[in-house]
Amino acid sequence: MKSAFLTLFFTLSPLWPLGPNPLPGDPLVIVNLNTNRVAFIHGGEVQEIYLAATGKWGQETPEGLFTVTVKVINPYYRKLNIPGGAKTNPLGSRWIGFDAYETDGRKYGIHGTNRPELIGGYVSQGCIRLANEDIERLYEKVPLGTKIFITRSDKTFRALGAELGAIPRNGNAGGAGSR
(Lines give C-alpha, C1' and ligand atoms only; values in the text may rest on other atoms or scores of the structure.)
Protein backbone atom coordinates (compact mmCIF):
# COMPACT_ATOMS: atom_id res chain seq x y z
CA MET A 1 0.00 0.00 0.00
CA LYS A 2 2.78 2.40 0.94
CA SER A 3 4.58 1.61 -2.34
CA ALA A 4 1.45 2.30 -4.39
CA PHE A 5 0.94 5.63 -2.58
CA LEU A 6 4.54 6.73 -3.22
CA THR A 7 4.33 5.73 -6.88
CA LEU A 8 1.09 7.66 -7.30
CA PHE A 9 2.45 10.68 -5.39
CA PHE A 10 5.65 10.94 -7.42
CA THR A 11 4.06 10.38 -10.81
CA LEU A 12 1.29 12.94 -10.22
CA SER A 13 3.36 15.49 -8.31
CA PRO A 14 4.15 18.73 -10.19
CA LEU A 15 7.62 18.56 -8.66
CA TRP A 16 8.41 15.20 -10.23
CA PRO A 17 10.27 15.59 -13.57
CA LEU A 18 8.31 12.85 -15.34
CA GLY A 19 5.26 15.06 -15.79
CA PRO A 20 4.54 17.37 -18.72
CA ASN A 21 7.74 19.09 -19.63
CA PRO A 22 8.35 21.86 -20.47
CA LEU A 23 5.47 23.68 -18.83
CA PRO A 24 4.32 27.07 -20.17
CA GLY A 25 6.84 29.66 -19.03
CA ASP A 26 9.65 27.14 -18.46
CA PRO A 27 12.95 27.76 -20.24
CA LEU A 28 13.36 25.74 -23.44
CA VAL A 29 16.07 25.61 -26.07
CA ILE A 30 15.15 24.65 -29.63
CA VAL A 31 17.76 23.83 -32.25
CA ASN A 32 16.60 23.80 -35.88
CA LEU A 33 19.06 21.83 -37.97
CA ASN A 34 17.48 23.08 -41.22
CA THR A 35 18.45 26.67 -40.43
CA ASN A 36 21.36 26.13 -38.00
CA ARG A 37 19.65 28.42 -35.53
CA VAL A 38 19.11 28.06 -31.78
CA ALA A 39 16.21 29.71 -29.96
CA PHE A 40 15.94 30.38 -26.25
CA ILE A 41 12.32 30.41 -25.06
CA HIS A 42 11.34 31.60 -21.61
CA GLY A 43 8.26 33.15 -20.07
CA GLY A 44 6.16 31.87 -22.96
CA GLU A 45 8.09 33.85 -25.60
CA VAL A 46 11.05 33.45 -27.94
CA GLN A 47 13.69 35.55 -26.16
CA GLU A 48 16.76 35.14 -28.38
CA ILE A 49 17.87 33.40 -31.57
CA TYR A 50 21.50 32.49 -32.28
CA LEU A 51 23.28 31.29 -35.42
CA ALA A 52 24.95 27.90 -34.85
CA ALA A 53 27.14 25.27 -36.45
CA THR A 54 25.89 21.68 -36.22
CA GLY A 55 26.96 18.14 -37.11
CA LYS A 56 28.52 17.30 -40.42
CA TRP A 57 27.45 14.39 -42.63
CA GLY A 58 28.14 11.11 -40.86
CA GLN A 59 28.32 12.84 -37.46
CA GLU A 60 24.94 14.52 -37.42
CA THR A 61 23.60 16.31 -34.37
CA PRO A 62 21.14 13.98 -32.61
CA GLU A 63 17.45 14.85 -32.93
CA GLY A 64 14.87 14.63 -30.16
CA LEU A 65 13.95 16.06 -26.79
CA PHE A 66 16.83 16.06 -24.30
CA THR A 67 17.65 17.48 -20.88
CA VAL A 68 20.56 19.71 -19.82
CA THR A 69 22.61 17.65 -17.35
CA VAL A 70 25.98 19.45 -17.23
CA LYS A 71 27.19 23.06 -17.39
CA VAL A 72 30.89 23.98 -17.44
CA ILE A 73 32.80 27.27 -17.67
CA ASN A 74 36.01 26.92 -19.72
CA PRO A 75 35.56 23.20 -20.43
CA TYR A 76 38.56 20.88 -20.73
CA TYR A 77 38.84 19.16 -24.15
CA ARG A 78 39.68 15.55 -23.27
CA LYS A 79 40.12 14.28 -26.81
CA LEU A 80 43.26 16.39 -27.39
CA ASN A 81 44.16 17.16 -23.76
CA ILE A 82 43.55 20.92 -24.16
CA PRO A 83 42.91 22.84 -20.93
CA GLY A 84 39.83 24.98 -20.49
CA GLY A 85 40.38 28.61 -21.41
CA ALA A 86 43.17 27.81 -23.92
CA LYS A 87 42.86 29.66 -27.24
CA THR A 88 43.26 26.33 -29.06
CA ASN A 89 40.34 24.72 -27.21
CA PRO A 90 37.58 23.96 -29.77
CA LEU A 91 34.90 23.97 -27.04
CA GLY A 92 35.24 27.69 -26.45
CA SER A 93 34.29 29.34 -23.19
CA ARG A 94 31.16 27.37 -22.13
CA TRP A 95 29.61 23.88 -22.32
CA ILE A 96 25.93 23.06 -21.88
CA GLY A 97 25.74 19.25 -22.04
CA PHE A 98 22.59 17.25 -22.67
CA ASP A 99 21.65 13.58 -22.39
CA ALA A 100 21.40 12.49 -26.06
CA TYR A 101 21.65 8.74 -26.65
CA GLU A 102 21.61 8.12 -22.89
CA THR A 103 24.95 9.90 -22.43
CA ASP A 104 25.73 11.91 -19.33
CA GLY A 105 25.93 15.34 -20.96
CA ARG A 106 29.65 15.10 -21.64
CA LYS A 107 29.48 13.83 -25.23
CA TYR A 108 26.85 16.11 -26.78
CA GLY A 109 26.41 19.75 -25.95
CA ILE A 110 25.96 23.33 -26.98
CA HIS A 111 29.34 25.02 -26.67
CA GLY A 112 31.47 27.90 -27.81
CA THR A 113 34.21 27.68 -30.41
CA ASN A 114 37.71 28.80 -31.26
CA ARG A 115 36.67 28.91 -34.95
CA PRO A 116 33.84 31.48 -35.15
CA GLU A 117 34.16 31.62 -38.96
CA LEU A 118 32.57 28.12 -39.09
CA ILE A 119 29.34 29.23 -37.37
CA GLY A 120 26.42 28.63 -39.72
CA GLY A 121 27.86 25.47 -41.27
CA TYR A 122 27.54 21.73 -40.81
CA VAL A 123 31.02 21.12 -39.41
CA SER A 124 30.88 19.65 -35.90
CA GLN A 125 31.09 16.09 -34.62
CA GLY A 126 27.47 16.26 -33.48
CA CYS A 127 27.58 19.16 -31.04
CA ILE A 128 26.03 22.58 -31.49
CA ARG A 129 28.56 25.40 -31.67
CA LEU A 130 27.78 29.03 -30.94
CA ALA A 131 29.97 32.11 -30.99
CA ASN A 132 31.55 32.51 -27.54
CA GLU A 133 29.56 35.71 -26.86
CA ASP A 134 26.32 33.85 -27.64
CA ILE A 135 27.09 30.74 -25.57
CA GLU A 136 28.05 32.95 -22.63
CA ARG A 137 24.66 34.71 -22.79
CA LEU A 138 22.76 31.44 -23.21
CA TYR A 139 24.75 29.73 -20.43
CA GLU A 140 23.58 32.30 -17.88
CA LYS A 141 19.92 31.74 -18.79
CA VAL A 142 19.75 27.93 -19.00
CA PRO A 143 19.46 26.07 -15.68
CA LEU A 144 20.20 22.38 -15.25
CA GLY A 145 17.11 20.39 -16.16
CA THR A 146 16.17 22.65 -19.09
CA LYS A 147 14.76 20.76 -22.07
CA ILE A 148 16.51 20.98 -25.45
CA PHE A 149 14.51 20.08 -28.55
CA ILE A 150 16.57 19.37 -31.68
CA THR A 151 14.72 19.03 -34.95
CA ARG A 152 14.69 19.59 -38.69
CA SER A 153 11.66 21.76 -39.35
CA ASP A 154 10.20 24.42 -41.61
CA LYS A 155 8.10 25.73 -38.69
CA THR A 156 8.90 28.90 -36.77
CA PHE A 157 10.40 28.72 -33.29
CA ARG A 158 7.14 30.15 -31.97
CA ALA A 159 5.11 27.34 -33.55
CA LEU A 160 7.54 24.68 -32.29
CA GLY A 161 7.50 26.20 -28.79
CA ALA A 162 3.69 26.14 -28.79
CA GLU A 163 3.64 22.49 -29.89
CA LEU A 164 5.99 21.63 -27.03
CA GLY A 165 3.90 23.55 -24.50
CA ALA A 166 6.50 26.22 -23.69
CA ILE A 167 4.54 28.97 -25.45
CA PRO A 168 0.80 29.42 -24.90
CA ARG A 169 -1.19 28.51 -27.98
CA ASN A 170 -2.98 31.41 -29.60
CA GLY A 171 -3.99 32.57 -33.02
CA ASN A 172 -0.54 34.03 -33.77
CA ALA A 173 1.62 30.98 -33.07
CA GLY A 174 3.55 30.18 -36.21
CA GLY A 175 2.03 32.97 -38.27
CA ALA A 176 3.86 35.25 -40.66
CA GLY A 177 6.48 37.27 -38.91
CA SER A 178 6.68 34.90 -35.95
CA ARG A 179 10.12 34.02 -34.75
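Reader: Which residues does S93 touch, and what makes them contacts?

Author: In this predicted model, S93 touches V72, I73, N74, P75, G112, N132, I135 and E136, with residues up to four places away in sequence not counted. Contact means heavy atoms within 4.5 Å. Local features need pLDDT of at least 70 and side-chain atom pairs 80 or more, whereas totals for chains, interfaces and linings use all residues. Residues are numbered from 1 along each chain as its sequence is written, and side-chain values use heavy atoms, without hydrogens and water.

Reader: Why is S93 called buried?

Author: Buried means under 20% relative accessible area (1.4 Å probe, protein chains only). S93 has 9%, and is therefore buried.

Reader: What makes the pair S93 and E136 a polar contact?

Author: Their side chains approach to 2.7 Å. A polar contact is a pair of N or O atoms within 3.5 Å, of which, within protein, one must be able to donate a hydrogen and the other to accept it; residues adjacent in sequence count only if both atoms are side-chain atoms.

Reader: How do you know that β6 and β7 pair?

Author: Strands (DSSP runs of E, at least two residues, numbered from the N terminus) pair if DSSP finds at least two bridges between them. β6 and β7 (residues 108–111) have four, in the antiparallel sense, and G97 stands opposite G109 in β7.

Reader: Why are β3 and β9 at the edges of the sheet?

Author: The open sheet of eight strands has the order β3-β2-β1-β10-β5-β6-β7-β9, with mixed pairing. β3 (45–51) and β9 (128–129) each have a single partner strand, so one side of each lacks a neighbour in the sheet.

Definitions and conventions. Buried means under 20% relative accessible area, exposed over 50%, partly exposed in between (1.4 Å probe, protein chains only).
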